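User: I would like to go through this chain with you. Could you begin with how its contacts are counted, and then we can look at individual parts?

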Amino acid sequence: MFGSLGDIFRLPDLKRRIFFTIAILFIFRLGAYIPTPGIDRAALAGIFKETNGVLDFLNVFSGGALSRLGIFSLGVAPYINSSIVMQLLVVIFPFLEKMQKDSTDGQKKIVQWTRYGAVIFALVQSIGMTAWLGSNGIMLGGFLNWLLVVITLVAGSMAVMWLGEELTDHGIGNGISLLIFAGIVARIPEAIIQTISMVSIGQLNFIALLIGLVLMVVVVAGCIMLQEGQRRLPVQYAKRVVGNKVYGGQSTFIPLKVNQSGVIPIIFASSLLIFPYTIANYFVDNAFARVVRDIFAPNSFFYLICYVALIIFFSYFYTAVVFNPTDIANNMKKYGGFILGIRPGQPTSDYITRVMERITLAGGVFLAIVALIPNVMSSVLGVNSFYFGGTAVLIVVGVAMDTVQQVEAQLLMRNYDGILKKSGHSRGLLRG
């Protein structure tokens, strides 16, 4: 392990990417503490105390910026919502799917439209948030101050989107996922302090705390098993004679991941369910808004049912977007590969699709169970806020493992480059 850490800082390009990642995460966390102008901080703190931790659930994706109403309060939520809508549109409209697959320019256009959609979502959410702040007496000043708050929140959301894209291009890992990861991890010390405080005042007994810690370990272990689990389909390649050489004849396998979509279903499902609850909070005195708040409140029965259904749906949806059995079957047929007992071509594609559907269902259900364990235990233990929620743990573990794998891939690639350079240098010396 220490040798690998040493290799990281001996490779200039990898070291630059890691320091760039740290710098972007620092800027993101700094933005969470820069206050939005024209807000009554004391009144805002009182609102969060009165809600008994309900708004604290919405606070996860902004990394605590919502409770302070920092300039990054909207976080990555508008960009995620826009990405969900755009991916659904790509599936619905064939010309968008063709544009995404066939050309680099088409992919750039879709990315640009996703950004425009993020601006629209940010504008709608910032206007709604400003109205909610005004209805609760948190806003200071008149219309110009309201306009200033809206502009600040939209600009902050676009800055977060830009930071995420820069992090993806020049750092390590997926930028948006890393920003969510940073926001969750940054709140862990606060969660530990609050948990100790709950134990000290008797709100949480020691036995319940031990059960909670054991559950957290189980959730982490389950998430790791889910991320690493795969179904291996055996593939046999027929022997081919080309000239005087014989190719093929070896056996290999196709690794089908149980959780092909990673933490994306959790992020998408949470973002969609947070949206109606957030909008309903902006209309305090409206009867319909109160009904929506009760239905979509975190830990409500309807919320949990929708949460499970959306996790499974997005598991299938994202797998269908990133995994193409037809391409795999065609490539196998092209190079003389086949699955034992299955004819090459379309039958192979159908077989891979059936297997993928089954393991995706198992992966989606297991993902939902792991996500719901802390919510269920929170109700059983009678604790109002279970700070180490399943969603947060899944995102943290999933993003951490993905980032570590990318670092390992960078190290492996650099090591291969070094071997090739040394081999070339040795051949040059021999020729000399």
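Analyst: Two residues are in contact when heavy atoms of theirs lie within 4.5 Å. The model is predicted. Among contacts in the chain between residues at least 6 apart in sequence, 73% join residues at least 24 apart.

User: How many helices and strands are there in the chain?

Analyst: The chain has 18 helices and five strands.

User: And what percentage of the residues is buried?

Analyst: Of the 432 residues, 43% are buried. The chain exposes about 22,700 Å², and 67% of that area is supplied by carbon and sulfur atoms.

User: Which residues have the most contacts inside the largest nonpolar core?

Analyst: They are Ile-39, Ile-80, Leu-133, Ile-180, Ile-266, Tyr-307 and Ile-311, in a core of 72 residues. Helix 9 (residues 143-170) gives this core its largest share, nine residues. Apart from that core lies another one of 12 residues, including Leu-256, Phe-323, Ile-339 and Val-355.

User: Let us stay with Ile-80. What does it touch beyond four places away in sequence?

Analyst: Ile-80 touches Ile-176, Ile-180, Ile-267, Phe-268 and Ser-271. Ile-80 is also one of the buried residues of helix 6, among them Ala-77, Pro-78, Tyr-79, Ile-84, Met-86 and Val-90.

User: What span should helix 6 have, and how far apart are its ends?

Analyst: Helix 6 covers residues 77-92, and at 1.5 Å a residue its 16 residues should span 22 Å. The expected span takes 1.5 Å times one less than the number of residues. The end C-alpha atoms are 23 Å apart, so the two values agree.

User: Now Ser-177. Is it buried or exposed?

Analyst: Ser-177 is buried, because its relative accessibility is 10% and the cut-off for buried is under 20%. It lies in helix 10 (residues 175-186). Leaving aside neighbours within four places in sequence, Ser-177 is in contact with Ile-267 and Val-399.

User: Turning to the surface, which residues form the nonpolar patch there?

Analyst: Leu-88, Ile-92, Phe-93, Phe-95 and Phe-313 form a nonpolar patch, with about 490 Å² of accessible area together. In soluble globular proteins, nonpolar side chains tend to be buried together.

User: Where does Phe-313 lie, and why is it classed as partly exposed?

Analyst: Phe-313 lies in helix 15 (residues 301-322). Its relative accessible area is 42%, and partly exposed covers the range between under 20% for buried and over 50% for exposed. Phe-313 is therefore partly exposed.

Key: Residues are numbered from 1 along each chain as its sequence is written. This is a predicted model: local features need pLDDT of at least 70, side-chain atom pairs count only at pLDDT 80 or more; totals for chains, interfaces and linings use all residues. Side-chain values use heavy atoms; hydrogens and water are left out. Helices (H or I, at least four residues) and strands (E, at least two) are DSSP runs, numbered from the N terminus. Buried means under 20% relative accessible area, exposed over 50%, partly exposed in between (1.4 Å probe, protein chains only). Accessible areas come from the Shrake-Rupley method with a 1.4 Å probe; for residues, only the protein chains shown count as cover. A nonpolar core is a set of buried Ala, Val, Leu, Ile, Met, Phe, Trp, Tyr and Cys residues joined through side-chain atoms within 4.5 Å. Patches are made of residues with over 30% relative accessible area and no salt bridge: like charges are joined within 9 Å, nonpolar side chains (Val, Leu, Ile, Met, Phe, Trp, Tyr) within 5 Å. A salt bridge is a side-chain nitrogen of Lys or Arg within 4 Å of a carboxyl oxygen of Asp or Glu.
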